[in-house]
Amino acid sequence: MASADEIRELMRTEGAAVAQNTQAFNDGRYESVAELEDYEELKREARSIKEDAIERLPDLVEELTETVEENGGTVYVADDAEDANRYIRSVVDDRDAERVVKSKSMTSEELDVNDALEADGVDVVETDLGEWVLQVADEAPSHIVAPAIHKSREAIAELFNERFDPDEPLETAEELTHFAREKLGDQIVDAEVGMTGANFLTADTGSMALVTSEGNARKTVAATDTQITVAGVEKIVPAVEDLHPFIELIGRSGTGQDITSYVSLLTPPVDTPVVDFEDDETPLSELDADRDFHLVLVDNGRLAMRDDEHLRETLYCIRCSACSNSCANFQSVGGHAFGGETYSGGIATGWEAGIEGLDVAEEFNDLCTGCSRCVNACPVGIDIPWINTVVRDRANREGDEPAEWLVDGLMPDAEDEGAPLQKRFFGNFETVAKLGSATAPISNWLAETGVSRRLMSRVLGIDPRRELPSFERETLVEWFADRESAVENPDRRVVLYPDLYTNHVQVERGKAAVEVLESLGVDVVVPPAPSSGRAPLSQGMVATATDHAERVAETLSSHVAEGRDVVVIEPSDHAMFQREYEKLLDEERFTGLAEESYELLEYVYGLLENGADASALPAVDGEEIAYHSHCQQRTLGLEAHTVAVLEECGYDVTTSEVECCGMAGSFGYKSDYYELSMDVGDRLRDQLQADDVRERPVVASGTSCLEQIDALLERQPRHPIELLSE
């Protein structure tokens, strides 16, 4: 895994450039997709095409091969990187080429084509500006779309001036791009072979679509008589007309552009002659038009991913990097920490697990916190957090088992193989909370002693700088059991789900929820219930999470059968009921629970919209507050309900705009990630400390958000339901 030292160094050296560029791309995406008439329908269309293409992939490979060969080209399906490189080297050798010019291809990065050709004495030149910058710097890409996103203009100027010693020092972006264009133009002219990637390949015509921001791909193809295109087999779509939704989505999703500067649709080998740059007298029409085209389709684990029910969705990826740009952690550390040997960002776990193996994916997998912000950003709706969870689960099972005496009995999970001790501790936090409440306040005192903090740091990797939760002796369930409902002739009947934190730590927000619901004419019960499984799921302990899900469904089903609605205070648990349980429960139990459950303020909003007496809630006169919504609450589209309820009560609400607070449950407690968590949190702190916000009390819906804001600010945040119970 990425070490704390590595993360700290990358935040220091690359963090500012990565943050500036990814956030600009992300903001551009929000603006650009908002202009689409029906963005969600376009995404559904794109996903449908990819689902169909991957389902029919073997047939499409065969069809594309026949089409390209009918066009006069050659197709080679490579089993792996070594096989692909062997073929590419043979083509370059047959052409007796001394130079190969390339236009960006992540697949060729995956194959290490450059190293293979350079070992044969071939001069390989990257012609995309970002790729060339990295070639000059001898670095690896840090982003799928913008490989040099981690470099500022100043850093590139320093690199060029040091490496090329120009007559006049280069400073501005214009000077740098002009210098690169002149250098690369000369090298393209002298090349014999051009190599490109492909964003998409169409089986019906043998066409390749290239979506780029520079004209170098066209130059690379036009100026050389031998073209090699390298692409993963998953790039094939059935027909040219299938390209439409992807062309609409890929630029908007990746860089926030309505459309990129160049969209090239090539069907090689074309009949246009190759320019002889040394002959400026012969008319172009008299030059030789004999072009050679080779399409190298790369498997390298993809067909096995197609047969893997969990990794299969990775093949729907169109390599736009929307998942990276929308990821709060990626915005801080970039792809040199949050990536493997080739691919970076959230989707990289699936790619690296499929083409390189679990050991590579495991190195950065924990940087995905499962916040789910990337799911809505993905133009084909890939459930990236789930892929990360599955890979984490598999990596756990391949790891060394912790000492059994530390696990048996103390950690009663359903994992029959060796998840690391730290993950089993956080994954079994329900046990910790029960013990903590049963022995409070001694447990709280003991946990804060120096000996305990050092032991937790050394054994469990819990950062001593993070404040620990304080357990309440009387849980919410126990408090509720000792009282009678005050509601007669209720309008609605509710089972309030006692999530782990509300039940054991933030009991007051649970009491407030009961009181608010009852004040609106709702009969409430708060039964004992298992924790949702969010904690083990976030540690990649899928078997344990499944066990929790089944017990929760069983506990709540009898109340649902009695006609009660399920109301959930903790947004991450509500997200479990709405999304993750689909993977953990059978369809009937998942659907039954998902359809009957509501986030707390969503439910209050519904009550008020359907005639509940708003005067039962306390009213204020324009009191200013700042509200931070939980990641998964926003992913589910529930932020607006809380704002609407608060505004109806008279509050003047300002909302945060950051992607995430950075805490993400157990993530912020871990020493390896504490500083990254706080770095992400700084963006939220900046917003909450802005001139027009800094005096506003802060409210937040999520437990982790409340903890993080409490650590970031001097003013203590509250849950919005507590404002409604005053």
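Trainee: How many cavities of 30 Å³ or more does a search of the whole structure find?
Mentor: The search finds two, a cavity being a set of points on a 1 Å grid over the protein atoms alone where a 1.4 Å probe fits but cannot get out. This is a predicted model, in which local features need pLDDT of at least 70 and side-chain atom pairs count only at pLDDT 80 or more, while totals for chains, interfaces and linings use all residues. Residues are numbered from 1 along each chain as its sequence is written, and side-chain values use heavy atoms, with hydrogens and water left out.

Trainee: How much space lies in the largest cavity, and which residues lie nearest its centre?
Mentor: About 150 Å³ lies in the largest cavity, the volume being the space filled by probe spheres set on the points, which are joined across faces, edges and corners. Its lining has 17 residues, with Cys 327, Ala 328, Cys 368, Thr 369 and Cys 371 nearest the centre, where lining residues have an atom within 4 Å of a point.

Trainee: And the second largest cavity, how much space is there?
Mentor: The second largest cavity holds about 80 Å³. Its lining comprises 13 residues, and those closest to its centre are Cys 317, Ile 318, Arg 319, Cys 320 and Cys 378.

Trainee: Changing topic, is Asn 85 buried or exposed?
Mentor: Asn 85 counts as buried because its relative accessibility is 10%, buried meaning under 20% relative accessible area with a 1.4 Å probe and protein chains only. Leaving aside neighbours within four places in sequence, Asn 85 is in contact with Leu 111, Asp 112, Val 113 and Ala 116, contact meaning heavy atoms within 4.5 Å.

Terms used
Buried means under 20% relative accessible area, exposed over 50%, partly exposed in between (1.4 Å probe, protein chains only). On a 1 Å grid over the protein atoms alone, a cavity is a set of points where a 1.4 Å probe fits but cannot get out, and a pocket is an open set with protein on both sides within 12 Å along at least five of seven lines; lining residues have an atom within 4 Å of a point.
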